[in-house]
Amino acid sequence: MPQNLEHSGSSWKGQQLKHQTSLIDRFDARVRIVLIALFACVVVLPNSLLVAGIGLLIGLLLVVLARLNMKRIFRRVLAMDMFMIFLIIMLPFTTPIKVPADILFELFGLQASRQGLLHAVLIAVKANAVVLALLAVVGTMSATQFGHSLARIGVSEKLVHLLLFTVRYLDVIGQEYKRMRRAMQARAFVLRVDKHTWRSIGYLIGMLLIRAMERSERIMNAMKCRGYHGQFYLLDHGSLAARDYYLVALSVPFLGMLIGMALIL
Amino acid sequence: MHIVDGALSAPVLATGAVLSIAGVAIGLRKLDYNQLPQVGVLSAAFFVASYIHLPLGFSSVHLILNGLIGLTLGWVAFPALLVALLLQAVFFGFGGFLVLGVNAFNIAMPAVLVFYLCRKGLQSTNQRTVAIWGVVGGAGATCATTLFVALSLALSGDAFLLAAKVTFIAHIPIMIIEGFVTGAAVVLISKVKPELLGITD
């Protein structure tokens with residue numbers, strides 16, 4: 001198996017995703033997170049294809065506004081779509097058919113229903129809309145900014161610290177993993193479908209955890225040495241600017257309108 | 001194992017969110033501030049390890065490792081896995097936003113169950129016993145996760161019943177691989193650094 005396939009299109013680069021600064025970066029991170037949460041509720045909860053479709057358009061618009069790398073986004077979204085593709089292919093055939101008029105077509109003696117197909121499309125549109133918006137608006141923050149804003153919104157500080165630690169050491173541990181894999185490759189280890197492969201990978205993971213644990217002991221000692229006593233301080237005190245209020249004043253009525261559309265239509 | 005946004009019904013989403021919040025709250029209470037670096041670095045290691053793709057037939061599978069996470073972290077698996085899922089959703093586009101609670105519960109609850117199930121067996125001095133409980137933990141957690149995923153789909157509508165069954169059957173090879181890998185990892189850890197198993201207990 002080629003080396004570059006092992007991380008299936010979703011490997012991270014360093015500690016943050018590189019991107020060009022865009023209009024979206026000028027808004028406060030907290031406002032962005034809260035608005036995306038509202039957006040996800042409005043798109044996912046009502047069963048309206050129209051609203052979901054508008055959501056998908058907004059998602060695409062946000063991706064353009066955020067000046068994301070189209071190729072990379074396309075690959076990511078495609079990876080997600082592959083996850084659910086079989087669900088979507090199956091739905092038209094597994095939805096119970098009530099009236100014969102609902103039968104869309106027949107395939108190998110299986111009847112596909114109109115409702116099932118609609119349902120499948122609805123799921124695909126909703127999922128893509130949310131993921132695109134999420135990647136464009138929240139995914140463009142640095143992980144630190146994301147963590148700090150979560151804490152400011154009211155998420156438990158312990159959880160946020162855990163998030164910041166995880167992000168901080170993702171790349172370090174990733175490098176460690178690559179080093180160990182290279183050592184295995186130097187000894188002619190090739191991934192196969194057998195017990196030897198699984199045992200070796202098990203040992204690799206076990207060793208990765210042991211090294212991570214020992215690294216964390218050193219980190220803890222270094223932190224204690226610098227006066228850590230169980231508390232971190234979140235140093236940035238971002239304040240909302242006028243443009244953040246304008247954004248909220250614009251988007252909340254818009255989302256309300258979408259809910260209205262879902263209820264009426 | 002990620003379910004995407006839009007597939008599940010609102011009651012299932014709400015139940016998952018409530019259960020996950022409860023689990024995360026328990027996990028955070030068990031997590032001491034002094035253990036933060038430990039758990040943070042371990043959770044990064046699990047994140048990296050879950051990107052290892054193993055060949056299987058014509059395609060490849062990646063491990064979930066929630067059995068091993070449960071055996072090392074216990075209840076703290078909830079916050080650690082929530083963080084991992086949040087990062088995956090936000091920065092890698094896997095999963096979704098509203099379904100985060102369901103996904104976290106489906107993956108973290110089996111981890112906690114396995115922790116209680118295998119805890120005793122892992123303390124054995126007999127290497128064979130340790131290996132067997134490791135296999136049980138790894139395969140069991142994946143099996144439970146698949147069942148939970150199938151259940152969340154099935155509860156969201158009759159149309160998903162077949163999908164739920166197919167999900168379960170398709171994951172049987174993964175359960176076997178996960179069992180072997182976790183078993184080997186547990187044997188190594190119990191020899192080299194036994195305190196890593198159940199550090200937050």
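## The buried side of helix α1(B)

In this predicted model, eight positions of α1(B) are buried: B:V12, B:L13, B:G16, B:S20, B:G23, B:V24, B:G27 and B:L28. They share one side of α1(B), because they cover an arc of only 130° around the axis.

What do these buried residues pack against? Their partners come from two chains. Chain A supplies α1 (29–44) and α6 (157–186). Chain B supplies α4 (77–92), α5 (100–122) and α6 (127–155).

## The other face and the span

Turn to the face pointing away from the buried side of α1(B). Exposed residues sit there: B:P11, B:V18, B:I21 and B:R29.

The helix itself runs over residues 10–30 of chain B, 21 residues in total. From first C-alpha to last, α1(B) reaches 30 Å. That is close to the 30 Å expected at 1.5 Å a residue.

## A hairpin in chain B

Chain B also holds two paired strands, β1 (residues 53–56) and β2 (residues 59–62). They pair in the antiparallel sense, over four bridges. Within this pairing, B:H53 of chain B stands opposite B:H62 in β2(B).

Two residues lie between the strands of the hairpin. Which residue of this hairpin takes a positive phi? B:G57 does, with a value near 60°.

## A serine in chain A

A:S113 belongs to strand β2 (residues 110–113) of chain A. Is A:S113 buried or exposed? A:S113 is buried, because its relative accessible area is 0%, and buried means under 20%.

How values were computed:
Residues numbered from 1 in each chain as written. Chains lettered and ligands numbered in written order. Predicted model: local features only at pLDDT ≥ 70, side-chain atom pairs only at ≥ 80, totals over all residues. Heavy atoms only, no water. Expected span 1.5 Å × (residues − 1). Buried < 20%, exposed > 50% of the residue type's maximum accessible area, 1.4 Å probe, protein only. Arc of directions from axis to C-beta. Contact = heavy atoms within 4.5 Å. Pairing = 2+ DSSP bridges.
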